[in-house]
Structures are given as C-alpha cells and as structure tokens.
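Open your viewer and get ready to select residues by chain and number. We will go stop by stop.

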Amino acid sequence: MAKARGTDGSLLHSLPWTMASLAIALLPHVPYLPFWVTIAFIGCSVWRYSIETRRAPVPSTWFRAFLAMLCFLGILATYDTISGVGPGSALLATMAALKILETRRLRDQFVLLFIAIFLVMSSLLREQYLWSLPYLVATLLFIMTAWLRMSGNPRQPVRTSFRTSGRMLAYAAPIAIAMWILFPRISTPFWSVPIDTSSGVTGLSDRMSPGDISSLSLSNAVAFRARFDGPVPAGRDLYWRALVLPRFNGRSWAAWEPTFRAGAEEQVAVRGDAYRYQVTLEPTNQQWVPALEVPYEWDLDHTSMGRMQTLNRVYPIDQRMRYTVESFIDYRAEPYMANGMRRWFLGVPEGSNPRTAELAQAMHDEAGSDQEFIRAVLRKFHEEEFFYTLEPPQLGSDPVDGFLFDTRRGFCEHYASAFSVMMRSVGIPSRIVIGYQGGEYNPRGEYLIVRQADAHAWTEVWFEGIGWQRVDPTAAVAPERIEMGIAESMFDGIGEAWGLSAPAEWLHQATLAWDALNARWNEWVLGYGPTTQEALMNSLGMEEPSWRKLMLTLVAVVAGLTLLLSGILMLRFRPPPKDRATVLYRRFVKRTGVEPRRGETPDAFAARIAGGTGIAEAAIAKVTSAYLRARYAESDPASLDELETAVRAAR
Amino acid sequence: MQRGNTLPQLPIGKDSERAALENARQALGEIILGKDDQIELALSCLLARGHLLIEDLPGLGKTMLAQSLARVLGLSFSRIQFTSDLLPADIVGVSVFRKASGEFEFQPGPVFSQLILADEVNRATPKAQSALLEAMEEHQVSVDGQTRALPEPFFVVATQNPADQIGTFPLPESQLDRFLMRLELGYPNEQNERELIVGEDRREMLSNLEATTTPDALKALQASAREVHMSDALVDYIQALVRETRKSPDIDIGLSPRGAQALAAAARAHAFVRRHSGVYPDDVQAVFTAVAGHRLKAAGNTSHRTAAELCQHVLDSVAIP
C-alpha cells in the first residue's frame with residue numbers, strides 16, 4: 001500500500017521557519033562542503049515549499065530512495081570515504097535536504113529541527129572561533145523559536161516567540177555553564193575528536209630557496225601568542241627558533257627530519273636570567289615547536305630537544321597548543337663538536353657559486369681572522385648598495401653569485417643564504433635558522449602576537465669552545481626590521497621601501513583589540529582542559545579533583561540549579577486566590593484520593609467517584625451540592641457552614 | 001450516582017410561570033422523543049431571547065421541533081420555505097395599491113409572526129437571507145422607507161441541511177453569529193424510533209397540543225431568566241473558556257465579546273430552565289457546544305474534526321475556577 005503523500009498547505013507557516021533553521025545551521029559548513037551539497041539543499045527546500053503551495057503530493061518513496069542513493073554515491077565520489085568530519089557533515093546536510101522532501105507533518109519537522117541542532121554542533125568539530133559561541137546561541141534561539149512557531153499559535157507575534165525561546169535558553173544557561181565547568185575533562189588522547197585540519201595551515205617550510213621567490217606576501221595570520229611572566233625582551237633579542245636548515249645543494253637549503261637526540265640538553269649551558277612565557281601555538285600540522293632561543297625547560301607533551309637545539313614534537317601540532325617555556329638569551333650551545341658532525345655544516349657543492357667562494361676567500365685573507373671576516377662581511381652588507389625588499393628579482397643558476405654581484409636586492413633568506421655560503425666557503429661551520437623574529441606587543445592583552453609575517457631566517461656560525469652563535473645579516477642591511485619588527489616598520493613608513501603597505505591605524509587598533517579578545521577566549525574557553533580545570537577546582541577549594549569528585553559535584557550543582565530555577569519559576573507564578581469554599585472543597589477532594597480532571601465539573605466529579613472511594617454517595621452529593629451553592633449560587637453565609645459540616649462528615 | 005443529582009435546584013412550588021415552563025418541557029418531550037437535552041437547549045435559547053439554527057439531515061424532526069415549540073408556547077407561527085428564487089419581499093411583505101381606497105396598503109409578510117421557521121435557510125440568495133437576518137437582529141423591518149416593529153416575543157428557528165451543500169449559499173460567519181445557538185438533533189435511539197413507528201401520528205399529536213403559556217407570560221419568563229445569579233467564579237470560568245478559544249492552536253478564530261455575552265446569556269437561561277439556584281459550570285458546559293460551535297473557526301491542522309469535538313477539547317483544557 002502506498003503511503004499518503006498529499007499535502008494540504010497546513011505547513012505553509014511553519015515550513016519556512018524549519019528551513020531557515022536548517023539553513024542557518026548549515027551556513028558554517030558551506031565553505032567546506034562540496035558545492036553540490038549546498039545546491040541540493042537549496043533545491044530540495046525550494047521544491048518542497050512549492051509542493052506545499054501547490055498542495056501537490058511529495059515525491060514517492062522510490063524516488064526519494066533513489067535520490068538518497070545518489071547523494072550517498074556523490075559523497076563517496078567526492079571524499080572517497082564516508083568517515084570523518086567532512087563526509088560526515090556532508091551526509092548530514094544531504095540527509096536534512098532529503099528529509100525536507102518527505103516532511104508532511106509537524107512530527108517530521110521536529111526531526112528536522114533536531115538535525116539542525118546536530119548540524120550546527122558538528123560545525124564545532126571544524127573550527128572553534130570566538131564567534132562560534134554567539135553563532136551557536138543565536139542558532140539555538142532561532143531553532144527554539146521555530147519550534148514554538150510550529151507548535152504554538154500561528155498568530156502569535158514573532159517577537160513574543162523569540163522572547164519565549166530566549167527565556168527558555170536563559171533558564172538553561174546556568175546549567176549549561178555549570179556542566180561546562182564541572183564536567184570532568186579528560187586528556188585528549190583518551191577521546192579524541194577528529195578535528196578537521198586537512199585545509200592546510202601555512203607555516204614554516206623545511207626548505208628554503210631564495211632564488212625562486214619574486215614576491216613574498218606577508219600573511220597576517222597569527223602564528224602564536226606569547227605571554228611573558230616578567231618583562232618582555234627587547235625586539236632584537238626576540239629570535240624564536242623553530243627549525244634549522246643545515247643542508248645546502250647550491251641553490252636551496254633543507255632541514256633534517258625532526259628527531260630526538262639523547263643528551264642534546266646537556267650541550268647547552270645557560271647564564272643570566274631566564275625568561276618564562278606561555279606560548280599559545282596555532283595548529284601548523286608540523287612538528288616544529290617555536291621557542292625563544294634557547295629553550296631550557298618546557299612542558300609540552302611528547303616534545304624533546306633535537307640535535308639543533310630546537311624543540312621537536314613527536315606528533316604534528318594539529319590543534320591549538322599551549323605550553324610554557326623557560327628560555328635563556330645568554331647561552332652557549334654545543335661548544336665542542338666532532339669533526340664528522342662539523343663537516344655537515346661546511347658542505348657547499350663543488351663548483352656552485354664560484355664567484356662567492358672567490359670573494360669570501362679574498363675577504364677572509366684580507367681580514368686575517370674569522371671574527372674579523374664576519375665583521376667585514378656584515379660591513380659589506382651594510383655599507384655597499386644592498387637593499388632589503390620583499391619583491392626581489394629572480395635569480396639564475398648560481399643564486400648566491402647572482403644576488404651578491406648583480407641584483408643585490410632581497411629579504412632575510414637571501415642575506416642568510418649568502419652569508420652562510422660565504423662562511424662555509426672559508427671553513428667556518430654555519431647553518432640557517434628559520435623561525436620568527438620579533439612580534440607585536442598587544443597592550444590590550446599584555447602579550448606578544450607573532451604573525452606569519454614575522455617569519456625570519458638568520459644564520460648561526462660555530463667556533464670551537466664557543467659553540468653556535470647567532471649572526472643575523474639582515475640586521476646589517478635593514479636594522480629596522482630587527483629593532484622595530486615588521487608591524488612597527490609598516491606604520492613608520494620604513495616598510496614602504498620594502499614593498500609593505502600599512503593598513504589604517506584605527507583598523508590596526510581594532511585588530512589588536514579583537515586579537516586580545518580572541519587570545520583570552522582561546523586561553524580560558526577553548527584551552528579549558530584537564531590542567532586548567534584542576535587549577536580552577538583547586539582555587540575553588542576542591543582538593544585533588546578526581547573524576548568521581550567532579551561528577552558528584554556536577555550532579556549536585558545541576559540538581560541545585562534545577563531546584564533553584566524551578567523555585568524561582570514557582571514563586572513567580574501566582575495562583576489565583578482561593579476562597580473559603582474552594583479551600584474546603586479541595587480538602588474534600590484530597591480526602592477522596594481522586595484528582596478531578598481538567599474541565600470536570602464538581603457534579604461530574606461526584607458522579608465519577610461515587611461508590612469508588614469509601615465515602616458514602618449521599619455524603620459526596622451533600623458536599624458537592626453545598627460547594628456549588630456556596631460558590632456559584634447567591635451568596636449565603638449559611639451555605640459555607642453547611643459545606644464545612646458536610647466536608648467534615650464526608651469520611 | 002446520576003449526573004446532575006448534586007446540582008441544587010429550586011422547588012417549582014406555586015410559581016405558575018415555572019410550572020408553565022415545566023409543562024412545556026414535558027409536552028415537548030412527549031412529541032420529540034429522547035431529545036431532552038436539545039429541547040432544554042431550544043427552550044434556553046428562546047428564554048435568552050436568541051435565535052436558533054438547527055442543522056441536521058432531513059427527517060430528523062427539525063420542523064417538528066419548531067412547530068411544537070410554537071404550539072406549546074402559544075406563539076403565532078409561520079413557516080418560510082427558503083428557495084433560491086425567494087425575494088426579500090416574500091419575507092417582509094409588500095405594499096399593495098388598493099383601487100377602492102386609492103392608497104397603498106401594506107401586506108405584512110410571514111416575518112410578522114412570533115415564531116418563524118425559516119426552513120433550509122441556506123437555499124436562498126444572500127439578499128433574501130439578509131432580509132431575515134436584519135429582522136432577527138433589529139426585531140423590526142424596513143419596507144418602503146417605513147420601519148415596522150415585529151411582534152414580541154420574536155423567535156426565529158432556521159434549519160439548514162449540512163449534507164446537501166450544492167446549490168446553496170452557506171451563511172457567512174457574521175450571520176451565523178446572529179444565531180444564539182446551533183443544534184444538531186441526531187438520530188433517535190432504537191427504542192424511541194420504534195415508538196415513533198408504531199405510536200401515534202406526531203402530526204395529530206401536534207394539532208392536539210395545547211399552549212401552556214401565553215406570549216406575555218413568556219416575556220416574563222425571559223425577564224426572570226436574566227435574573228439568575230451568576231457568581232464571579234463563573235464569570236472567571238466563562239472568560240477562561242473564551243480566552244482558551246482565542247489562544248488555542250487548534251482554533252483560528254476564537255469567540256468574540258458578543259460570543260462571550262451569548263455564552264453567559266445562554267448559560268443563565270439554561271440554569272433557569274433547570275431551576276438551578278445559580279449558574280453552575282455544568283450549565284456553561286451544557287450550552288457551550290451549541291453556543292460556540294458555529295462561532296469558532298478550526299485551524300487547518302487541527303485533529304478535531306467536528307465543531308463538537310473542538311468544543312469538547314476546549315472544555316477539557318480549561319480548569320474550572
């Protein structure tokens with residue numbers, strides 16, 4: 001038997017609300033979903049609505065099954081899988097679209113609204129921004145309103161519906177917040193949400209080939225934020241090391257795989273005061289962990305120091321991480337190195353960049369010592385016509401030769417590369433370090449924002465007994481880049497010469513304020529994990545919060561809040577004042593043990609309970625009659641007494 | 001225990017008015033078998049000075065009820081069969097030129113009676129309907145620019161046939177509102193039907209029926225019916241019911257203030273017919289379907305299919321104060 005498929009236009013006023021709820025819930029997914037899913041959703045909605053306006057039947061079961069199969073295959077073809085956040089939300093979206101097509105009654109719309117809630121929640125698996133929460137709350141408000149519109153009186157003003165749903169959300173909010181604070185947080189590996197990070201985050205590259213880049217665009221994306229416990233080091237000391245490129249093939253530099261090296265920490269000796277700071281690192285999908293040179297202690301899990309004094313993590317950083325590092329600016333790293341190791345830092349391919357090798361040799365002979373030679377090279381960069389620019393000309397087959405002798409224009413990578421090649425040519429071990437330099441201090445949040453634009457490359461040279469020493473040739477060419485940082489240079493007009501254009505000042509201030517807000521959000525809300533929870537619980541007086549303790553507290557608090565809210569609601573509800581007759585009659589009703597139905601008259605009630613309660617029929621009749629007379633007939637004080645007597649007698 | 005046992009009643013006593021009403025009720029009950037509730041409602045409607053619309057299939061005794069009401073209450077009776085070619089003049093009457101006197105003389109139409117049976121009122125054109133409805137509302141008619149008062153009491157019983165809606169002009173809501181009550185008679189039960197088949201001819205019974213009261217006494221009864229005590233609690237109840245009809249999602253158009261007045265008047269009259277010492281919730285419930293049923297417009301998606309179901313739903317959703 002075919003199921004009824006007709007529509008009668010009765011959903012005309014509720015269907016747009018349901019569809020709008022779904023659309024709002026779907027919106028955060030749209031940029032990630034295959035295009036055709038959105039089209040399918042819109043198509044199904046429009047189709048369904050026109051069906052309702054025409055009072056036409058909804059499509060047949062077979063046709064819907066066919067469409068469902070088609071969508072399923074489409075998703076399989078798009079993603080090659082059906083598990084994961086992407087295909088999962090695509091499936092959910094198509095399910096919602098197809099469910100609209102078979103919606104014929106209010107009940108089906110309830111299902112759709114549940115799907116809408118699920119959809120908007122699942123968008124959190126992708127991204128959790130500051131605006132995600134307001135968006136979530138607004139969507140929930142809309143969905144609840146859609147619910148009210150559907151089940152309530154259609155003529156109710158929309159504002160009233162919104163107010164009602166807002167009130168309901170407000171009642172639920174304290175309980176939700178209590179749950180969020182108290183629900184036991186478990187370390188992530190235990191139950192991991194498959195956060196979708198396939199969209200690739202641009203970060204540091206483990207290759208560097210300055211000759212191939214003709215225009216470097218500076219990305220304003222935040223790389224990490226650092227909050228210092230004490231004073232912030234001066235701009236020229238802010239060298240955030242991430243990875244080291246020791247290998248050179250004549251054209252480009254490459255890194256070693258991030259590895260662990262036993263005893264790497266013992267190679268570092270530190271002096272002076274430590275800087276202690278917390279880094280909130282945005283996901284990079286890489287294993288490099290940036291830290292101020294040189295890190296001495298850190299608390300990020302699965303992270304150790306590699307052979308280049310950088311921090312490497314075993315697992316790629318696939319979500320936002322927060323860690324504390326203690327760094328020393330005054331340090332001595334790896335003062336003694338085996339010859340075999342040293343040769344790695346001297347490698348220049350035979351015959352590449354011959355003019356550079358020649359020049360280096362000549363300068364070295366002239367300088368007399370290695371230290372003098374370094375100074376001479378830096379002086380050369382500083383005094384001769386070398387320019388710092390973000391739009392350098394491309395270089396040919398011997399890029400260092402081309403740069404040093406012909407173009408003389410480049411950014412940090414060019415200078416670091418040229419400098420390093422010159423060092424190596426005369427037998428000084430050197431390597432290129434990639435990381436970030438500087439950062440902008442955000443006075444509103446009292447932390448340092450380090451953006452992708454602050455990415456930097458510099459060199460380190462090694463001397464026996466002294467170890468690795470940082471030399472930043474860029475500082476010789478464009479000292480402002482180091483002293484002031486990218487952001488400040490931009491506003492000072494200096495950046496203009498490099499090819500930078502500054503945004504409006506107010507816009508920049510707004511960006512800083514927004515970033516401060518975001519940072520707090522990341523810190524307190526998104527970063528609320530087991531550690532923060534434990535700290536909070538400790539400060540609230542709970543010692544050693546265990547899973548069990550938290551759960552019990554949660555149950556107690558939620559129960560308490562529920563009671564409190566119900567209490568408030570009950571207090572706010574004012575029952576109509578009862579008169580004496582009603583009080584007496586209620587006493588009698590209570591004694592019968594039967595509750596009158598809604599809308600049941602006392603007479604009907606008496607007829608119903610007669611003979612079933614152990615109270616004599618006559619007594620029941622007497623009470624009822626007396627009550628009716630006392631309450632509804634012309635007022636007569638005697639009738640009240642009569643009622644009282646009758647109630648007392650009815651046992 | 002029977003329903004209604006606990007409701008305090010006033011004695012009939014020596015009150016001749018009340019005795020007459022009681023007799024009328026009994027006489028009607030002898031002719032129209034097994035329809036005591038409907039008879040009570042019809043009497044209540046009349047005592048509340050309202051008009052009655054009876055909606056049911058042919059042959060269920062609509063006309064019989066109207067005729068016997070007229071007889072028993074001693075009212076002048078006329079019947080207007082509504083057809084599609086009925087003209088307003090056929091209802092209210094015309095001015096005829098008399099050669100002898102050389103003047104126009106008004107020939108009153110059937111509407112100049114105390115009880116009018118408007119049979120199949122939805123068969124006539126809206127023009128004809130509105131002539132009757134104006135008379136119902138104003139208790140007067142205007143012919144040739146002259147306003148003529150109708151006799152008192154003036155009571156219209158209209159019937160319409162729900163199953164036969166083709167070629168009809170259904171009464172619009174605004175005109176349905178003029179009727180205080182709408183009743184459905186329904187089939188008699190088996191025993192009563194048997195009695196109808198084998199018993200005395202109803203027409204004969206009707207012609208033998210004697211008036212138990214006079215038009216003047218009836219007017220006095222109507223005045224007394226308005227005097228029945230209505231407590232604040234009961235007014236609250238009526239208001240709660242009216243409010244419910246307005247906010248219920250099952251109902252598109254709820255009761256108007258006029259509907260609320262009608263409900264109160266009908267409940268009073270019903271309490272009077274039942275000789276209750278005050279208006280009880282039971283009286284309100286008894287008249288609610290008849291008074292509200294034709295005034296409510298059900299929402300498109302309601303699950304309550306008939307007006308009676310809808311009204312019962314409203315009664316079941318409102319607590320009695």
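How many of the six residues of strand β8 of chain B are buried? Select residues 155-160 of chain B to find out. Six of the six are buried, so this strand is mostly covered. Keep in mind that you are looking at a predicted model.

**Stop 1**

Show the side chains of the strand. Phe155(B), Val157(B) and Thr159(B) point one way. Val156(B), Ala158(B) and Gln160(B) point the other way. Residues on both sides are buried.

**Stop 1**

Look for Leu53(B), which stands opposite Ala158(B).

**Stop 2: the loops leading in**

Step back to Pro153(B), in the loop between β7 (146-149) and β8 of chain B. The peptide bond from Glu152(B) to Pro153(B) is cis, with omega near -15°.

Next, select Arg49(B), in the loop between α2 (36-47) and β1 of chain B. Arg49(B) has a relative accessible area of 40%. That value lies between 20% and 50%, so Arg49(B) counts as partly exposed.

**Stop 3: another positive phi**

Jump to Arg275(B), in the loop between α11 (257-273) and α12 (281-292) of chain B. Phi of Arg275(B) is positive too, about 60°, although the residue is not a glycine. Is Arg275(B) buried or exposed? Arg275(B) is buried, because its relative accessible area of 13% is under 20%.

**Stop 4: a helix residue in chain B**

Select residues 307-317 of chain B, helix α13, and pick out Ala308(B). Ala308(B) is partly exposed, at 43% relative accessibility. Then pick His294(B), 14 residues away along the chain. The C-alpha atoms of Ala308(B) and His294(B) are separated by 9.5 Å.

**Stop 5: chain A**

Now colour chain A by secondary structure. Chain A has 23 helices and 19 strands. Of its 651 residues, 47% are buried. Among contacts in chain A with a separation of 6 or more, 73% join residues 24 or more positions apart.

Zoom in on Glu293(A) and Val294(A), which are joined by a cis peptide bond with omega about -10°. Val294(A) sits in the loop between β8 (291-292) and β9 (295-298) of chain A.

**Stop 6: where the chains meet**

Show both chains together. In all, 27 residues of chain A are in contact with 33 residues of chain B. The two chains bury about 2400 Å² between them, 54% of it on carbon and sulfur atoms. Select Arg598(A), Asp603(A) and Tyr632(A). They supply 28% of the area that chain A buries against chain B, more than any other three residues.

How many salt bridges are there between chain A and chain B? The count is zero. Six residue pairs are in polar contact, however.

Finish on two helices of chain A, α21 (602-609) and α22 (617-632). Each supplies at least two residues of the side that touches chain B. The largest share, 10 residues, comes from α22(A). That side of chain A divides into 11 nonpolar, eight polar and eight charged residues.

Technical notes
Residues numbered from 1 in each chain as written. Chains lettered and ligands numbered in written order. Predicted model: local features only at pLDDT ≥ 70, side-chain atom pairs only at ≥ 80, totals over all residues. Heavy atoms only, no water. Contact = heavy atoms within 4.5 Å. Buried area = accessible area lost by both parts, 1.4 Å probe. Salt bridge = Lys/Arg side-chain N within 4 Å of Asp/Glu carboxyl O. Polar contact = N/O pair within 3.5 Å; in protein donor to acceptor, adjacent residues only side chain to side chain. Helix = DSSP H or I, 4+ residues; strand = E, 2+ residues; numbered from the N terminus. Nonpolar A, V, L, I, M, F, W, Y, C, P; charged D, E, K, R; others polar. Buried < 20%, exposed > 50% of the residue type's maximum accessible area, 1.4 Å probe, protein only. Pairing = 2+ DSSP bridges.
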